[in-house]
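Subject: Two-chain model, handover and notes

Hello,

Here is the model you asked about.

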Amino acid sequence: MTPTSRVGPAGHRSSNSETGVPPMRQEMRSHPAVLNYTLLCLAALFLMVVCLADRGLEWWCVVPSLIGGLTLLTNWTHGPPMVLLSLAGLLGMTSPRSRGNYWPGWSRFQTPTLMDVLLCFAVLAYVVGHYRLLSLMRHIFPSDPRRPRPESEERDRRSKEKKQTPGSALKRSPDLVNGREMALLGFALPIWVGLAVSVWARVMGRAILGEVPLGMPWTMWRALQIVWASLAVLAAAGTVAGYLRWRTATPEESLLYLQDQLWRQTRREQGTLNRWLTWARLRAQRKKESL
Amino acid sequence: MLTSRGCWFLLCVLLILSLGLLRPSLPLTLVGLTLLLWFAGQWLWFLVRLPGVRQLRSEREVWDDRSVVATLWAGQTFEVRVRLINEGWLPLPHVAAEDYSPFSVDFVDGSNLAQGTVAAHQQLEMTYRIRCGPAGLARFEGVRLQAADWQGFFYHVHFLHAVVILPILPLLTTRPSQPASVKRHNLLLPPGIHRFRRPGSGSELLDLRDYLPGDPPKTIAWKVSARRDRLITKEFESEVPVRCTLFVDMSSSVRVPTPSGVGSRQTRYQKALDRLVDLAAGVLQANAGIRDLTGLCLFDEHGARNIAPDRGSTHRTECLRLLAEAAARQPGQQCINPAHLLPLAYSFAVEIYPELLRPGVNSVPWAMMWLDGFSGYSHRLRLGFFELLHRHKSALRTLCWWTSFWALVLPVVLLSARVLLRTRSLDNVLLFVLFFAPLSVFATWAASAFLFGVDAVAGIGKRRRDRWRKQLAAILSVRYRLAPGGLATLLEDDDAFSLLLQRFLSEHQVPYTLPLYSPEGRYLFAAPEKVSVLAKALVRAVGKGRDNELFVLLADLLELDDALDPLLRAVRVALGRHHQVVLICPWPPGLELPPSAIRSPRSASRQGAKRRTGGGSRTTVLWDQLTTRRFHLAYQRLRRTFTRMGVAVLCAAEDEPIPLILSRLERLRSLGRPHS
């Protein structure tokens, strides 16, 4: 027996709009917020084609955009990873190594061109747009296996004309998307690309490189630096997050943690003791009943 | 918490970055770096705003048509308004809030969901309407919050506990034939006052007797005295209020729920107690209408709670509140296999206590899942092979270690012994041990490995059950403030764990069903102890009663013939004191009425229709017929037993309208009272 259905009071209902009925997919597509994000994705895909064409990829340059367009049309959840992987495949194939230049001493003195920067911009814009579109069209929260899936609900609603559907709050309501959000996105995209370019220039610059110790290859030294820096940042962020979590923990959570620690240390001994105690109690109970 | 969408994206970005660095490709590296930085920025931004989600403040109001209310009424519709206020200085991530409405109400319209990005000092609002079910308690647990970033990469669930418990009072029914509470005729007594044929200070003449010194002169019947030539005094009737005491059965037998139909998303359960509470409320209302004093006694198998007879709105409200609280109680039983309640309780805990199920505070060691298991000392004597294997994995492991130990030690001991005494038999034994010890070790380890493998494949459900049990036991141990070893006790003791599970579900007003019979076939909810409790309560009420009391026993006494003696004695005492007793027996919902209880043709035709349309397999039909027959016989026996003593027995069936029962009570009261 498994809890396949969600435990809850009867008739938890939801509504994304003021009418109390979530809009259907066709209605959603014509919503201004959805249209805006769709246009953003299409523009980003077009820019991606231009950037890839500039690298001399000929007809292959349309492959990521085609995949992106198709996934945009079908609202496939794995669309952005597929586009990214196809892009990685294309760019990886056309990298210097594939042309026979083995270990070109890294491109430390190579500076990003405008097309590289535009490609980053296009990819980021597409990824942000598509994921936000998925939040509007598919789901923003991970689906709960105990709840009925929104697609099946929508089907039910169409067929049986049910007035309200539970679980549709998984989607983000398009009414909540405002101009400020779009403006913020337009403002943030160049900043992230600029930040990445500056980090690249900073990390690959000779100024901070210094002397390579132990005579190890330069690439290995750079990789070690990046790995250790990333680990340090992750550890610091994790520590801060953990501290914040414990700071805001309730007394029950703290008590539960202490109890859990005690139990983990002594669970075998406690288990043996309690097993015998239970056995003795039941034995006494059986004796009492038999009298 | 990273969602699967976020996981896939991060994996792709790391792949791109690695490829860009290793191939090497500058644009690929730049793309990967851009995406990684953006992802990290989103994570940090989400993390910074997350504490604000836990610090949201909620306000809840329940409105009727006019104003905010603190009590609800069964069957009525109310509006719930919930506000979530962000008191922090940062905007929250995208939040979806769902108000967790009680199990005892039905959703009518509106929305208990709201979503949005709540800016600082702004609020989310939800408004929806509910219709109350039967009498009981409506427990509003709080608001379930789900937070995510706009891309759906990060996700956090939090439950904002804001418990509000409102009583759902039973609906008061009005009787069309009920006499008005105002005096309409000069001959009628004021409401609530009834004539009683005992000397008293009333206005109606009862008798004449000889004058006794001390009698007031105004009571002397002068004309009669003159005619008889001695002083004769008039005696008047008493005018007393009729006091009615309701004895309502709250034992497990009337609290056992039975499914009464499937609603929109939930099976509704009906208890015999609901009907009793409705009847008690109806009698209370009817008595209040004629200003009779009404007392209440709630009893179960453990004890009784009394409220002295009184009248007035405060007393009535208090009685209704007590009835509502009693109606909200769920059945409790010790000898229940916790597996019956575990999925429901865990699923509920996932909804309400997500923060207490985090692996950080409530972990499940992998060794427990895969190597140990826990035995959970069970009442069940016959366990299946896979269950035994799952429970005693640790014994298997111990066996392996002991075999290995002895396989090493025994040859060494025998070799040492052989150094000291050289005998042929010892040589034989040594040879035998040297040959078979490694063989037995190998065989034991191989067999154990095989059995562990079998358990790994066949024990998926059992491992899940163990995980649920451990996590729930930890929550229960903390919630009910058990000693530090409480968690281990709950893991081993099925009875203690089962009782706490029932308490947990009952406190949260989660409806649940329990098996009616023990593995040995014994009915678990008969509760014969309640008969002696009821008898004591009745004797006590008789002792405290004055004149002309009406005792209404709303008790399930079916199939308790062997235990009825104390109650019969108490009833005899009550009748001997010239009181009246009425027994109203609850009837299991959905079961065919006994022949004597079917009075209206409509009800009879409905019963007949039910009987004819009863589908199901042949076994089910046969089982239904047997059950019905058994209950009918039990009702007839009960009726015969009490009718012999002059106690009316009524069946509080589902189709029996409350006014009908009330009118029968009124008739009984009138018939039993002379000159009234």
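Predicted model: local features only at pLDDT ≥ 70, side-chain atom pairs only at ≥ 80, totals over all residues.

Residues are numbered from 1 along each chain as its sequence is written, while chains are lettered from A and ligands numbered from 1 in the order in which they are written.

The two chains

Chain A has nine helices and zero strands; helices (H or I, at least four residues) and strands (E, at least two) are DSSP runs, numbered from the N terminus. Of the 291 residues of chain A, 29% are buried. A residue is buried if 20 or more other C-beta atoms lie within 10 Å of its own, exposed if 12 or fewer, and partly exposed in between, with C-beta atoms placed from the backbone. Among contacts in chain A with a separation of 6 or more, 71% are between residues 24 or more positions apart. Two residues are in contact if their C-beta atoms, placed from the backbone, lie within 7 Å.

Chain B contains 19 helices and 19 strands, and 40% of its 676 residues are buried. For chain B, 74% of the contacts between residues at least 6 apart in sequence join residues at least 24 apart. Chain B is split into domain 1 (4-51), domain 2 (193-241), domain 3 (243-249 + 258-328 + 527-672) and domain 4 (338-507); these bounds come from an automatic or database domain assignment. The C-alpha centres of domain 1 and domain 2 of chain B are 105 Å apart.

Where the chains meet

On the chain B side, 77 residues are in contact with 76 residues of chain A. Helix 2 (residues 26-54) of chain B supplies the largest share of that side, 13 residues. By class, the chain B side has 43 nonpolar, 24 polar and 10 charged residues. Here Ala, Val, Leu, Ile, Met, Phe, Trp, Tyr, Cys and Pro count as nonpolar, Asp, Glu, Lys and Arg as charged, and the others, Gly among them, as polar.

The core

The largest nonpolar core has 188 residues. Such a core is a set of buried Ala, Val, Leu, Ile, Met, Phe, Trp, Tyr and Cys residues joined through C-beta atoms within 7 Å. The residues with the most contacts inside it are V123(A), L124(A), F247(B), A280(B), L538(B), V552(B) and L554(B). Helix 5 (residues 114-137) of chain A gives the most to this core, 15 residues. Leaving out residues up to four places away in sequence, L538(B) touches F247(B), F551(B), A570(B), V571(B) and A574(B).

Strand 17 and its partners

In strand 17 (residues 549-554) of chain B, six of six residues are buried. E549(B), F551(B) and L553(B) point one way from this strand, and L550(B), V552(B) and L554(B) point the other way. Strand 17 of chain B pairs in the parallel sense with strand 12 (residues 243-249) of chain B over six bridges, and also in the parallel sense with strand 18 (residues 580-586) of chain B over five bridges. Strands count as paired if DSSP finds at least two bridges between them. V552(B) is the bridge partner of L246(B) and also of V582(B).

A five-stranded sheet

Five strands of chain B form an open, mixed sheet in the order 2-9-8-4-6. Strand 2 (72-73) and strand 6 (113-117) of chain B are at the edges with a single partner strand each, so one side of each has no neighbour in the sheet. Strand 4 (residues 94-99) and strand 6 of chain B are antiparallel over five bridges, and A96(B) has Q115(B) as its bridge partner.

Two positive phi values

R481(B), which is not a glycine, has a positive phi near 55 degrees. R481(B) is in the loop between helix 12 (460-479) and helix 13 (486-492) of chain B, and is exposed, with 8 other C-beta atoms within 10 Å. Q509(B), also not a glycine, has a positive phi of about 60 degrees. Q509(B) lies in the loop between helix 14 (494-507) and helix 15 (529-544) of chain B, but is buried, with 20 C-beta neighbours inside 10 Å.

Regards
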